[in-house]
Amino acid sequence: MAGPDERKKTVGVKVGNVTVGGGSPIVVQSMTNTDTADIASTVSQVAALARAGSEIVRITVDRDEAAAAVPHIRDQLLIRGIDVPLVGDFHYIGHKLLADHPACAEALAKYRINPGNVGFKDKRDKQFSQMIDIALRYDKPVRVGVNWGSLDQELLTTLMDENAGRAEPWSAAHVQREAIIRSAIYSAERAEELGMGRDKIILSTKVSDVQQLIAIYQELAARCDYALHLGLTEAGMGSKGIVASSAALGILLQQGIGDTIRISLTPEPGGDRTLEVKVAQELLQTMGFRQFVPVVAACPGCGRTTSTTFQTLAKEIQDHLSSSMPEWREKYPGVESLSVAVMGCIVNGPGESKHADIGISLPGTGEAPSAPVFIEGKKVVTLKGADVADQFKKMVADYIEQRFGSGGTASAAE
């Protein structure tokens with residue numbers, strides 16, 4: 001297993017103000033689900049995704065009205081102080097939209113090209129070449145994004161015919177995997193033939209089956225050194241989508257594969273689009289690849305913790321830390337590395353609290369109404385009274401100020 005410090009070396013690609021691959025931190029990205037022609041709604045959602053931590057945001061560019069809106073979306077975001085790279089998602093007529101709307105071509109930080117529908121038969125290479133030519137003209141990178149729902153059927157048919165002649169034919173799933181991989185690599189190689197550098201090309205090969213996704217990316221990573229975008233397409237809604245994406249991407253990331261990720265969740269009706277950003281961040285942070293927000297460790301609760309006090313406090317602390325992070329990142333550099341423990345009884349409470357930067361062990365069922373607090377492994381005080389929660393939250397705030405503020409590094413003695 002590769003782990004956080006042994007990622008596969010890929011070519012770095014500059015996407016606006018973000019670098020993907022080349023040993024840079026794994027990038028979190030997302031995609032809007034607004035009508036791009038609706039400038040106000042798209043600006044609002046891009047801003048929300050960026051504030052949540054999306055470092056690249058993809059928007060649909062499917063018709064003239066959407067292409068015409070792109071530069072206005074970019075400009076309004078900049079007015080708000082949001083300089084997140086925008087990626088244009090093109091299908092079928094991307095070559096025409098980019099040619100007809102040069103302001104769109106200039107405003108986007110990257111173009112996504114799907115080789116399965118960039119053009120068909122004789123038009124395929126011509127229209128693909130037109131998009132690459134425009135990318136070269138405006139010095140933009142591209143993502144060759146293969147999706148098994150829109151796979152190049154001509155290539156798939158050719159591989160099936162080849163397979164039929166094998167002494168030991170591959171399975172249908174194997175043939176499909178090979179078609180997906182070849183589609184991506186062939187397209188990237190064609191882009192290079194047209195003059196595009198490897199430092200302008202990102203590949204993705206998305207499917208919605210976890211085992212297939214893992215197998216495809218393992219083979220793709222073994223056969224090229226292009227920067228790779230990971231994502232389980234059509235992952236689904238709620239816990240199903242979160243679990244499936246985390247399982248697939250977690251295995252690949254642990255093997256050193258992947259330079260940027262997206263968690264493609266189907267939002268609940270009226271749900272928050274930024275959930276997919278939060279899940280991506282939590283996946284990378286849990287695995288030790290990135291640090292985005294302070295970690296709050298809390299026990300799951302059991303018969304010793306029939307009181308909900310520790311649950312309430314753990315949630316309050318987690319919510320407070322998350323909501324405060326935009327301000328704290330500016331005010332307290334490094335605060336995202338903070339660890340806090342909120343435990344519910346004497347069994348594991350003191351020990352877990354000692355492992356955290358600051359932790360509290362609340363009284364469980366039948367225990368004395370007192371709560372020891374530990375800072376950097378040492379017990380500093382025992383809190384008592386009805387306002388233990390408020391007392392501890394103030395201690396957390398004081399610790400952050402002492403450790404990450406201008407006053408220097410906090411210690412248990414403080």
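**Where Ile-358 sits**

In which strand is the place of Ile-358? Ile-358 belongs to strand E15, residues 358–361; helices (H or I, at least four residues) and strands (E, at least two) are DSSP runs, numbered from the N terminus. This is a predicted model, where local features need pLDDT of at least 70 and side-chain atom pairs count only at pLDDT 80 or more, while totals for chains, interfaces and linings use all residues. Residues are numbered from 1 along each chain as its sequence is written, and side-chain values use heavy atoms, with hydrogens and water left out.

Is Ile-358 buried or exposed? With 0% relative accessibility, Ile-358 counts as buried (under 20% relative accessible area; exposed is over 50%, and partly exposed is in between, using a 1.4 Å probe and protein chains only). Leaving aside neighbours within four places in sequence, Ile-358 has contacts that include Val-340, Phe-374, Phe-392 and Tyr-399; contact means heavy atoms within 4.5 Å. Now look at Ser-187: its C-alpha atom is separated by 52 Å from that of Ile-358, and the two residues are 171 residues apart along the chain.

**Pairs of rings**

A pair of aromatic rings is described by the distance of the centres and the angle of the planes. Rings of Phe, Tyr and Trp (its six-membered ring) pair if their centres lie within 6.5 Å; planes under 30 degrees apart count as stacked, over 60 as edge-to-face and the rest as tilted. By this rule there are two aromatic pairs. One of them joins Phe-90 and Tyr-111 edge-to-face, at 6.0 Å centre to centre and 90° between the planes. Phe-90 lies in strand E5 (residues 86–90) and Tyr-111 in strand E6, so this pair ties together parts that are 21 residues apart in sequence. Phe-90 is buried at 2% relative accessibility, and Tyr-111 is buried at 0%.

Trp-328 and Tyr-332 have ring centres 6.3 Å apart and planes at 70°, so they too are edge-to-face. Both Trp-328 and Tyr-332 are buried.

**Charges over rings**

A charge sits over a ring if NZ of Lys or CZ of Arg is within 6 Å of the ring centre and within 35 degrees of the ring normal. Arg-166 lies over the face of Trp-170, 3.6 Å from the ring centre. Arg-198 lies over the face of Tyr-226, 4.2 Å from the ring centre.

**A buried loop residue**

Asn-117 is found in the loop between strand E6 (110–113) and helix H5 (122–137). Its relative accessible area is 4%, so Asn-117 is buried. Beyond its neighbours within four places in sequence, Asn-117 is in contact with His-91, Tyr-92 and Ser-150.
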